[in-house]
Amino acid sequence: MSVSFPEKDRKLVEEMIRHYPHKKSAIGDVLYLAQKHFGYITPEVELYVASLLDLPASYVHQVVTFYSMYLKKPVGKYLIMLCDNVSCLLCGAEDLLGRIKEKLGIEVGETTQEGKFTLWTVECLGACEQAPVMMINDKLYGNLTPDKLDRLLDSLE
Amino acid sequence: MSGKEKKTVKTVIDGKEYAFPQGTTILEAAKSVGIEIPHFCYHPGLSIAGACRMCLVEIEKMPKLQISCHMTVDDGMVIHTNNERVKKARKAMLEFHLVNHPLDCPVCDQGGECNLQIYYMMHGNYISRLRENKVKKTKKAFQIGPHVMLDQERCVLCSRCVRFCQEISKSNELGIFQRGDREEIDVFPDMQLNSPYSANVVDICPVGALLDKDFRFKTRAWYLESADSICPRCSRGCNIEIHYNLNRPWKNEGRRLARLKPRCNLEVNDWWVCDEGRYSFKFIDDDNRIEGPLVRTDGKARNTGFKEALELAAESLRNSAASTDVEIAVLVSPRAANEELYLLKHVFSEQLPGTRLVFSSATPFEPTEDDILRKKDKNSNTRGAELMGLTPDSAQVWSLSELKDAVLAGEIGALYICYHDITGLPEEFSAGWAEALERIPLVVYQGTNTCPTSEKAQIIFPAAAFAEREGTVTNFEGRVQIQQKVFEPLSEALPGWQIIQSLGVALGGSYEYESAEEVFADLAKNEPAFAGLSYEKIGSGGFVAKDAKA
Amino acid sequence: MGNITVKKIDTSRPMTFLERIYIWEILRGLWITNRHFVVNMFFHILNLFGIKTKRKGAVTIQYPEEHRGWHRRLRTRHYLARREDDSPRCVGCMMCETVCPANCIYIVAHDHPDPNVEKQADKFTIDMGKCVYCGFCVEVCPEDAIRMDSGHLEICSYTREDMIYHIDRLLEQHHDPSDYKNHEEWMEEYP
Amino acid sequence: MLGELILKTIIIVVVVNTVLAFGGFLTWVERKQSAVMQDRIGANRASILGLRLWGLFHILSDGIKMFAKEEFIPRTDHRKLFLVAPFIAWFFALMGFAVIPFSNTLHVAGYELSLQIANPQIGILFAFAMMGMTIYGLVLGGWASNNNYALLGAMRGAAQMISYEIALAAAVVGPLIVYHTLNMQEIVLWQAKLWGGWLPLWGIVVQPLAFFLFITAGAAGTKRVPFDLPEGESEIIGFNLEYSSMRFGAFMFTDFVEKILVSCLAVTVFLGGWQVPFLTENGFVFRGETLLALSPLVIWLIQPAAFFLKVCVVIYVLMLVRWTLPRFRYDQLMHLGWKIMLPLAFANIVITGFVLLVLKA
């Protein structure tokens with residue numbers, strides 16, 4: 001197998017498996033770990049995960065393709081997830097989206113040339129009280145305005 | 001099921017009260033009293049998914065409709081399977097199933113045997129209310145394995161095939177990937193649906209999403225006629241249906257037999273058949289079939305007609321028998337039907353006493369085996385030969401190597417070969433046979449197709465293939481099952497029992513069997529293992545011969 | 001030709017004496033046929049000498065040279081239609097073969113090189129000698145691929161083999177709509 | 001003697017060929033006439049080098065077709081009879097023309113030149129005899145076909161023809177009483193009389209009922225529509241069921257020849273034969289005044305032309321009847337023949353005799 005976890009992560013996987021009554025229940029955690037480690041989940045990674053959890057590869061693939069937050073393709077250093085659901089839309093998400101596109105020169109789903117930013121639009125992020133919101137990697141930013149957005153993007157290295 | 005008597009419950013279905021064993025699903029219960037409830041995802045051989053929601057029924061005092069494939073009957077239940085509410089729900093479900101289903105019934109091989117079509121005609125027959133474009137997949141039909149084509153657009157996501165791969169073949173190639181309206185059946189990237197049971201997913205697919213590559217576009221389902229038979233490929237003796245087409249000879253490249261489908265027999269093969277068996281029929285309409293009795297003189301074979309060939313064979317065999325130096329050997333095949341084996345045994349021992357019987361269960365096929373269906377012994381009737389005492393276990397019967405030794409010692413004057421292609425067997429059996437055959441003065445070959453062994457024979461009799469003659473075979477556990485005659489033998493070929501009987505008559509005996517059934521009646525009389533059996537008793541499900549378990 | 005009027009005859013009334021002796025009626029009959037002969041002959045002779053008359057001596061249409069227009073509903077020889085991109089519309093579903101009451105259609109299908117088209121007819125043969133022109137094949141075709149408005153009525157040949165139309169021949173001819181008349185035009189011309 | 005032989009031979013050849021050619025021509029006439037009266041055009045497709053001539057070449061193409069078609073001969077014990085039957089009918093039909101006077105007698109260089117093959121005293125009886133003999137061809141054909149339906153058709157035909165033969169003969173008796181002769185030429189000569197100086201005393205004038213009966217019975221005797229039960233072209237199976245090719249053609253052709261014969265007889269007996277009104281040996285004469293003096297040779301040429309014209313008119317009428325009336329049913333046919341025509345013919349004889357007696361007295 002071409003991909004494998006280092007020793008440290010393998011210990012972590014065993015730890016995860018111990019948390020659940022069934023081995024296969026750990027699949028979510030293990031996949032997330034794999035994504036962290038490999039950047040995104042390729043079929044090789046799925047096969048590796050399957051071998052760790054004694055699962056059929058197709059089962060792992062089902063899980064991976066079901067959840068949108070498992071990345072199937074490489075993304076930039078910063079993954080911008082802009083909410084375009086109703087509340088955010090009403091509060092100006094469209095303007096924000098236009099501003100990002102203009103600033104970074106990419107369309108939704110694309111990554112900038114140097115591989116720094118990837119732009120996604122997502123459904124509700126569960127923070128409508130701060131609309132419009134977006135997430136960059138794991139961090140949520142609310143009450144955005146185009147100026148605030150500019151500053152935020154500029155501040156990211 | 002732990003030996004305890006199951007409780008019966010009284011349930012009203014569509015206004016009539018019936019009694020069912022407790023734990024029966026409503027769908028099965030209704031089916032047992034002749035009420036078909038539409039369904040896609042339910043299959044009696046698989047786990048219950050409840051994915052398609054087509055089998056909804058109304059149960060009184062339950063607020064919502066219930067899926068009948070999962071709900072079990074219970075005392076006092078009042079079930080409506082076909083009232084307005086149920087029909088409306090079903091119609092709505094069908095509409096959902098059809099939202100993204102392409103309108104390509106004309107090019108779909110499932111057309112004519114497609115549940116979607118049937119249910120649409122039953123419940124819908126409406127004009128689509130859909131205004132949006134249907135979701136189109138990037139790929140239309142593509143091959144996902146050696147035998148299976150997948151068209152994701154047609155899929156209704158019943159997950160039968162996924163469950164088959166998980167539960168029956170345990171090969172897990174298929175999965176339902178993505179979600180929502182992008183959900184699709186597929187194999188894991190870069191993998192193939194190549195389990196030895198892969199083509200079963202075609203049978204269980206209720207729509208045209210999974211199709212047989214071999215059968216693809218050859219003909220249409222409604223042109224085919226069906227007959228019950230037994231798979232000849234291994235000693236499991238899976239029950240099959242032979243689908244054939246005689247009325248439209250321009251279809252299927254002129255081949256009569258279009259496909260084999262498994263036939264449910266819970267004692268033998270459940271609902272399944274392996275791919276090896278499924279595609280084992282090609283030899284029947286192959287170009288190398290032997291079409292007439294051939295007599296080879298000076299290396300040239302010519303069709304002489306049965307009369308001349310039989311007389312020549314009888315004369316030559318008698319000459320060999322008259323000689324005291326050499327013996328006559330008969331190579332018995334475990335691929336022959338019980339009737340043929342019986343006649344071989346009797347005709348030769350009665351007409352040419354001292355004939356040496358030789359038995360070999362070697363086949364040119366790979367001896368694959370698993371604990372699902374496939375058996376290592378790739379002969380359909382080894383057990384039958386065993387029960388008749390034709391295996392080398394008994395002292396009178398030689399094995400192939402014993403025969404070879406005798407041949408090389410010049411002790412064999414004539415060899416009658418049934419179906420065996422000796423030179424085509426794996427090395428351990430066939431070694432040296434090419435030369436050994438040359439040393440036998442007279443080789444008579446009875447078989448269906450031309451093979452290297454038949455090329456070495458002086459007299460060749462064309463035998464009917466398993467679908468062209470009636471006969472019984474005995475599977476590994478001693479179950480005697482009937483192979484029906486589906487269509488007439490190719491050109492001059494005759495059923496094996498008829499050839500042997502005619503040879504017996506030519507040798508001076510009197511055998512007057514009119515049909516395989518009569519042969520079997522005698523067989524049952526004279527062979528203790530088959531005592532009491534008859535075609536009637538065997539029926540379509542087969543019957544385990546007495547003493548077979550021993 | 002104007003509208004044809006049919007004289008109403010009351011057959012329930014008893015015959016008059018003149019009718020019963022029959023001879024008078026015969027003479028009347030002879031008079032009618034004779035009148036037709038003389039009148040028609042008169043126009044024939046006028047036409048023979050090159051005098052154009054509005055009325056012709058005969059209603060005959062000299063068929064192979066001239067023919068009446070074709071009604072839109074007329075079923076003529078089949079042809080296989082093509083798509084805009086010139087590929088055959090036929091997908092080889094064999095519905096026409098199935099429905100054909102004369103069993104005169106023979107189709108062998110195979111894979112289309114384009115995976116999105118999937119299936120196509122490899123051989124599509126119609127035995128015109130057997131065809132009964134019922135039009136079921138046109139009716140049943142889900143792709144509108146087989147049509148019976150080619151405008152070819154005169155199907156004849158010296159051999160039976162020539163009556164068997166293969167796919168290339170069925171694909172080559174397209175219909176000529178100018179020969180067709182819709183119902184109103186037709187009724188005007190041939191009331 | 002030799003001269004007479006040569007002369008007669010020439011006349012025979014001329015008459016026979018004329019009749020046959022005219023018969024062939026009639027096949028075209030029949031088609032065209034029916035076509036014109038039915039607002040059609042009729043056969044016009046046969047062409048030679050693009051020349052169609054209103055379908056005249058159909059006579060030729062029909063003949064070629066008849067000869068070129070496969071001849072089917074049934075398995076029969078009477079093969080020779082089968083083969084010869086059509087020609088028996090054909091032969092006797094032609095024989096009838098032997099006594100028809102096509103022109104007056106011309107005395108040239110000691111020879112009596114007349115377009116009449118023979119002029120026996122019993123001329124008209126000979127013609128009837130020959131017409132009666134054609135039945136044999138029909139019956140033999142039907143019988144030798146070895147086919148029940150053909151035999152039935154032949155019997156039906158024979159019954160019909162014999163029935164009407166009687167009416168036919170009886171119808172002629174009236175005129176014969178008037179003419180007081182059986183000699184055909186004399187019959188024609190008798191009709192040269194003018195009544196009151198202007199009305200030609202033709203048979204039709206002195207015997208109108210007989211003429212009507214004669215035409216009707218003649219049509220029936222020659223199997224013309226509406227009396228075409230023996231053949232029943234497409235509907236009933238007739239005596240010629242087993243015939244094909246030219247033998248069938250011979251039967252067909254016999255019909256046309258018989259039609260001409262009946263017309264010739266009708267013209268001779270009732271329409272003044274070759275007589276042209278007011279044309280005497282000196283030319284056209286009206287009430288003693290010579291209007292137009294003509295040489296005897298011209299007169300001798302006008303007379304056959306007149307005869308031919310009269311025959312054409314009769315044939316036209318016969319054909320007109322054919323395309324007007326539907327076919328009789330067999331019982332109607334017999335009813336008409338035996339219960340109407342024959343009594344009327346007898347009545348005609350009685351009345352004629354009575355009138356003649358009165359006139360004589």
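Which side chains meet in a salt bridge between B:R216 and its partner in chain C? They are those of B:R216 and C:D111, with N to O at 2.9 Å. The legends below describe close-up views of a predicted model.

**View 1. The interface of chain C and chain B.** The contact is made by 20 residues of chain C and 17 residues of chain B. Together the two chains bury about 1600 Å², of which 54% is on carbon and sulfur atoms. Five salt bridges cross this interface, and 13 residue pairs are in polar contact, counting pairs with both residues at pLDDT 80 or more. On the side of chain C that touches chain B, the elements giving two or more residues are α3 (95-99) and β3 (105-111) of chain C. The largest share of that side, seven residues, belongs to β3(C). Sorted by class, the side of chain C that touches chain B holds 11 nonpolar, four polar and five charged residues.

**View 2. A salt bridge between B:D203 and B:R278.** The side chains of B:D203 and B:R278 meet at 2.6 Å, N to O. B:D203 is in helix α5 (residues 200-204) of chain B and B:R278 in helix α6 (residues 275-278) of chain B, so the pair links distant parts of the chain, 75 residues apart. B:D203 counts as partly exposed because its relative accessibility is 24%, whereas B:R278, at 2%, counts as buried.

View 3. D:D255 is buried, with a relative accessible area of 7%, and D:K223 is buried with a relative accessible area of 7%.

**View 4. A network of salt bridges in chains B and C.** Salt bridges with shared partners join B:D104, B:K136, B:K140, B:D151, B:E153, B:R154, B:R216, C:D111 and C:E118 into one network. Within chain B, B:D151 forms a salt bridge with B:R154, the closest N and O atoms being 3.4 Å apart. Both of these residues, B:D151 and B:R154, are buried. Over all chains, the whole structure has 59 salt bridges.

**View 5. A polar contact at A:D154.** A:D154 is in helix α7 (residues 146-155) of chain A. Its side chain makes a polar contact of 3.0 Å with the side chain of A:K103. The C-alpha atoms of A:D154 and A:K103 are 10.0 Å apart, and the two residues are separated by 51 residues in sequence. A:D154 counts as partly exposed, at 48% relative accessibility.

View 6. Most residues other than glycine have a negative phi, and most peptide bonds are trans. In chain A, a cis peptide bond joins A:A131 and A:P132, with omega about -5°. A:P132 lies in the loop between β2 (117-122) and β3 (134-136) of chain A. In chain D, D:L53 has a positive phi, near 50°. D:L53 lies in the loop between α1 (2-37) and α2 (57-68) of chain D and is partly exposed at 33% relative accessibility. D:N146 also has a positive phi, near 60°. Its place is in the loop between α4 (123-144) and α5 (148-179) of chain D, and D:N146 is exposed, with a relative accessible area of 53%.

How values were computed:
Residues are numbered from 1 along each chain as its sequence is written. Chains are lettered from A and ligands numbered from 1 in the order in which they are written. This is a predicted model: local features need pLDDT of at least 70, side-chain atom pairs count only at pLDDT 80 or more; totals for chains, interfaces and linings use all residues. Side-chain values use heavy atoms; hydrogens and water are left out. Contact means heavy atoms within 4.5 Å. Buried area is the accessible area (1.4 Å probe) that two parts lose on being put together, summed over both. A salt bridge is a side-chain nitrogen of Lys or Arg within 4 Å of a carboxyl oxygen of Asp or Glu. A polar contact is a pair of N or O atoms within 3.5 Å; within protein, one must be able to donate a hydrogen and the other to accept it, and residues adjacent in sequence count only if both atoms are side-chain atoms. Helices (H or I, at least four residues) and strands (E, at least two) are DSSP runs, numbered from the N terminus. Ala, Val, Leu, Ile, Met, Phe, Trp, Tyr, Cys and Pro count as nonpolar, Asp, Glu, Lys and Arg as charged, and the others, Gly among them, as polar. Buried means under 20% relative accessible area, exposed over 50%, partly exposed in between (1.4 Å probe, protein chains only).
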